Amino acid sequence: MRGLSLNILLAIVWTLFVGEFSLRELAIGMLLGFAILSFFPLSLGTGNYVRRTLAVVRFALFFVRELTAANVQVALWALRPRPPLHPMVIAYPLRLSGDTAQTVLAATITLMPGSVAMGFNPERSVLYAHVIGADSPQAAREGFKKVEDALLPLYGQSAASTAPTVEEHA
């Protein structure tokens with residue numbers, strides 16, 4: 001919270017410095033303020049804010065890229081007479097912990113065309129999802145792992161944690 005407060009304060013100082021209070025000048029002030037906070041994270045105590053903000057930006061870029069690729073893939077399938085859909089329900093062992101992080105993962109997976117999160121097991125250690133277009137359950141899990149890897153830094157969690165394994169049920 002300290003980092004965000006300092007960033008807003010620096011943006012307001014910037015607008016006062018240039019003499020124009022507009023959305024554009026506030027955005028420029030936020031970017032300049034973030035650059036200042038990034039250069040001096042130890043002395044200003046904003047290291048956590050900078051890391052999380054960069055993780056949000058990386059996740060947003062990752063999400064837009066994956067969403068675009070998935071939409072193009074589904075559009076190409078729609079043009080084929082017999083698309084390789086391979087519908088399946090998979091169990092994905094979670095590394096993310098916490099209700100919010102797991103809910104964001106489920107929502108992100110559901111927003112991607114070709115996959116729908118169905119729910120969690122009672123211990124919330126496994127996510128069940130319906131998937132189309134993946135060649136195998138392992139390929140679908142690899143796709144979910146990429147999304148989870150992008151979310152882990154956002155919640156300050158490490159990718160090094162081990163996930164429980166899921167037995168294959170054909």
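Modeller: Here is a short tour, helices first and then the pocket. Keep in mind that this is a predicted model.

Colleague: What does UniProt annotate on residues 6-23 and 30-50?

Modeller: The unreviewed UniProt entry gives both spans the annotation "transmembrane region".

Colleague: How much helix is in each span, 6-23 and 30-50?

Modeller: Residues 6-23 are 78% helix and 0% strand, and their end C-alpha atoms lie 18 Å apart. Residues 30-50 are 86% helix and 0% strand, with end C-alpha atoms 12 Å apart.

Colleague: On to helix 1. What span should its 17 residues have, and what does the model show?

Modeller: Helix 1 runs over residues 2-18. At 1.5 Å a residue it should span 24 Å, and its end C-alpha atoms are 24 Å apart, so the two agree.

Colleague: Which residues of helix 1 are buried?

Modeller: Gly 3, Asn 7, Ala 11 and Thr 15. They cover an arc of only 115 degrees around the axis, so they sit on the same side of helix 1.

Colleague: Why would that spacing put residues on one side?

Modeller: An α-helix has 3.6 residues a turn, so residues three or four places apart point the same way.

Colleague: What do the buried residues of helix 1 pack against?

Modeller: Helix 2 (23-39) and helix 4 (47-79). On the other side of helix 1, Arg 2, Leu 16 and Phe 17 are exposed.

Colleague: And Ser 5, how accessible is that?

Modeller: Ser 5 lies in helix 1. Its relative accessibility is 40%, so Ser 5 counts as partly exposed. The C-alpha atoms of Ser 5 and Ala 75 are separated by 44 Å, and the two residues are 70 apart along the chain.

Colleague: What follows helix 1?

Modeller: Gly 19, with a positive phi near 80 degrees.

Colleague: Now Glu 25. Buried or exposed?

Modeller: Buried. Glu 25 is in helix 2. Its relative accessibility is 7%, and the cut-off for buried is under 20%.

Colleague: Which residues does Glu 25 touch?

Modeller: Leaving out residues up to four places away in sequence, Glu 25 touches Trp 14, Thr 15, Val 18 and Glu 20. Thr 15 is also one of the buried residues of helix 1.

Colleague: Switching to helix 5. Which residues are buried there?

Modeller: Ala 101, Gln 102, Leu 105, Ala 106, Thr 108 and Ile 109. Seen down the axis, they fall within an arc of 165 degrees, so they line one face of helix 5.

Colleague: What is on the other side of helix 5?

Modeller: Asp 99, Thr 100 and Leu 111 are exposed there. The buried residues pack against helix 4, strand 2 (115-120), strand 3 (126-131) and helix 6.

Colleague: How much space is in the largest pocket?

Modeller: About 510 Å³. The pocket is lined by 22 residues, and the closest to its centre are Glu 66, Ala 70, Pro 113, Ile 132 and Gly 143. Helix 4 and helix 6 (137-151) are the elements that give two or more residues to the lining.

Colleague: Last one. Where is Leu 152?

Modeller: In the segment after helix 6. At 1% relative accessibility, Leu 152 counts as buried.

Colleague: How far is Leu 152 from Leu 96?

Modeller: They are 56 residues apart in sequence, but 6.6 Å apart in space, C-alpha to C-alpha.

Methods
Residues numbered from 1 in each chain as written. Predicted model: local features only at pLDDT ≥ 70, side-chain atom pairs only at ≥ 80, totals over all residues. Heavy atoms only, no water. UniProt positions renumbered as here; feature names shortened; annotations may be inferred. Helix = DSSP H or I, 4+ residues; strand = E, 2+ residues; numbered from the N terminus. Expected span 1.5 Å × (residues − 1). Buried < 20%, exposed > 50% of the residue type's maximum accessible area, 1.4 Å probe, protein only. Arc of directions from axis to C-beta. Contact = heavy atoms within 4.5 Å. 1 Å grid on protein atoms, 1.4 Å probe; cavity = no way out; pocket = protein on both sides within 12 Å on 5 of 7 lines; lining within 4 Å. Points joined across faces, edges and corners; volume = space filled by probe spheres on them.
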